[in-house]
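Thanks for coming, everyone. I'll walk through one model today, sheet by sheet, and then turn to the charged pairs. Here it is.

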Amino acid sequence: MSKLTKNQKIALSKIEAGKTYTLAEAAEKVKEITFTKFDASFDIDVRLGVDPRKADQMVRGVVSLPNGTGKEVRVLVLCNPDAEAAAKEAGADYVGLDEYIEKIKGGWTDVDVIITQPAIMGKIGALGRILGPRGLMPNPKSGTVTMDVAKAVKEVKQGKIDFKVDKNGIVHASIGKVSFSAEKMVENAKEFINTLIKLKPATAKGTYIKSIYLSSTMSPGIKVDTKTIVE
């Protein structure tokens with residue numbers, strides 16, 4: 001087991017063993033125990049009472065964070081020529097079609113989100129082996145396959161993220177930066193959690209929100225008291 005660094009020891013000393021915190025307390029604590037020299041991501045992990053192996057319990061969705069993600073999102077729009085101008089005006093970093101498909105086939109994936117039109121999906125299907133493992137494959141459920149590519153670009157740039165429960169029943173997402181005020185961190189976390197609650201599958205039994213942890217890049221997790229959030 002690797003030895004703890006000085007900052008890791010300090011961070012752990014500031015967390016009460018066995019204590020659960022309110023969302024506001026946890027956000028403040030994340031700011032207090034983050035010692036990275038860069039602006040660390042503010043992360044949330046929510047364990048759900050679902051069985052992701054069952055199709056009717058797969059929790060997946062999108063959320064528009066009220067205070068954005070705090071990071072610059074690089075967007076590629078693969079579209080027909082008639083939509084290129086609108087996509088560029090909306091703030092897309094890269095716009096085109098065949099030339100970018102060829103670049104991706106050559107291994108280029110230097111973007112965070114790819115948005116496309118339904119009519120283009122036939123051309124993009126062959127890129128699944130490259131884009132799928134990187135989480136870049138456009139999907140109608142995440143709003144990245146749409147007729148209105150300009151609107152989709154604006155939403156992504158303003159803080160819209162997509163998420164999916166993993167095989168262990170956990171949803172993980174970066175929902176801001178530690179440089180945000182604690183109030184903005186809480187607002188983003190609440191919006192994320194409320195979106196998860198709205199997506200509760202009808203077939204999910206028992207406790208749905210089992211646990212919530214807040215953390216930052218390289219920090220320990222802070223356990224949130226779910227009773228302070230979930231009715």
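One definition before we start: buried means under 20% relative accessible area, exposed means over 50%, and partly exposed is in between, with a 1.4 Å probe and protein chains only. Take K123 as the example: its relative accessible area is 44%, so K123 is partly exposed.

Now the ground rules. This is a predicted model, so local features need pLDDT of at least 70 and side-chain atom pairs count only at pLDDT 80 or more, while totals for chains, interfaces and linings use all residues. Residues are numbered from 1 along each chain as its sequence is written, and side-chain values use heavy atoms, with hydrogens and water left out.

Two more terms for the sheets. Helices (H or I, at least four residues) and strands (E, at least two) are DSSP runs, numbered from the N terminus. Two strands pair if DSSP finds at least two bridges between them.

Let's take the antiparallel sheet. Four strands make an open sheet, in the order β7-β1-β8-β9, and the pairing is antiparallel. Which strands stand at the edges? They are β7, residues 170-177, and β9, residues 222-224. Each has a single partner strand, so one side of each is left without a neighbour in the sheet. From one strand to the next, the twist averages 25°. For angles, axes are lines fitted to C-alpha atoms, for helices over the stretch in contact, and the values run from 0 to 180 degrees between N-to-C directions.

Strand β8, residues 209-216, pairs with β9 in the antiparallel sense over three bridges. Y213 stands opposite K223 in β9.

Next, the helices on this sheet. Contact here means heavy atoms within 4.5 Å. Helix α2, residues 23-32, lies across β1 (41-48), β8 and β9. Helix α2 runs at about 30° to β8. Helix α8, residues 182-198, lies across β1, β7 and β8, at about 150° to β7.

S219 is found in the loop between β8 and β9. Is S219 buried or exposed? S219 counts as buried, because its relative accessibility is 17%. Its side chain reaches the backbone nitrogen of S216 at 2.9 Å. That is a polar contact: a pair of N or O atoms within 3.5 Å, where, within protein, one must be able to donate a hydrogen and the other to accept it, and residues adjacent in sequence count only if both atoms are side-chain atoms. Leaving aside neighbours within four places in sequence, S219 is in contact with I33 and T34.

On to the parallel sheet. Three strands form an open sheet with parallel pairing, in the order β4-β3-β5. At the edges stand β4 (94-96) and β5 (113-116), each with a single partner strand, so one side of each lacks a neighbour in the sheet. Direction ignored, neighbouring strands of this sheet are turned by 15° against each other on average. Strand β3, residues 75-78, pairs with β5 in the parallel sense over four bridges. L78 stands opposite T116 in β5.

This sheet has helices on it too. Helix α4, residues 98-105, lies across β3, β4 and β5, at about 115° to β4. Helix α7, residues 149-158, packs on the sheet and touches β3 and β5. The direction of α7 makes about 160° with that of β5.

Last topic: charge. A salt bridge is a side-chain nitrogen of Lys or Arg within 4 Å of a carboxyl oxygen of Asp or Glu. How many salt bridges does the structure hold? Nine.

Start with K157 and D93. Their side chains meet in a salt bridge at 2.8 Å, N to O. The pair links distant parts of the chain: K157 is in helix α7, D93 is in the loop between α3 (81-89) and β4, and they are 64 residues apart. K157 counts as partly exposed at 28% relative accessibility, and D93 is partly exposed at 35%. E72 joins D93 and K157 in a network of salt bridges.

Then D98 and K123. Their closest N and O atoms are 3.1 Å apart. D98 lies in helix α4 and K123 in helix α5 (residues 121-124), 25 residues apart. D98 is partly exposed, with a relative accessible area of 44%.

Finally, E32 and K29. This salt bridge has its closest N and O atoms 3.5 Å apart. Both residues lie in helix α2, three residues apart, about one turn of the helix. E32 counts as partly exposed at 38% relative accessibility, whereas K29 counts as buried at 14%.
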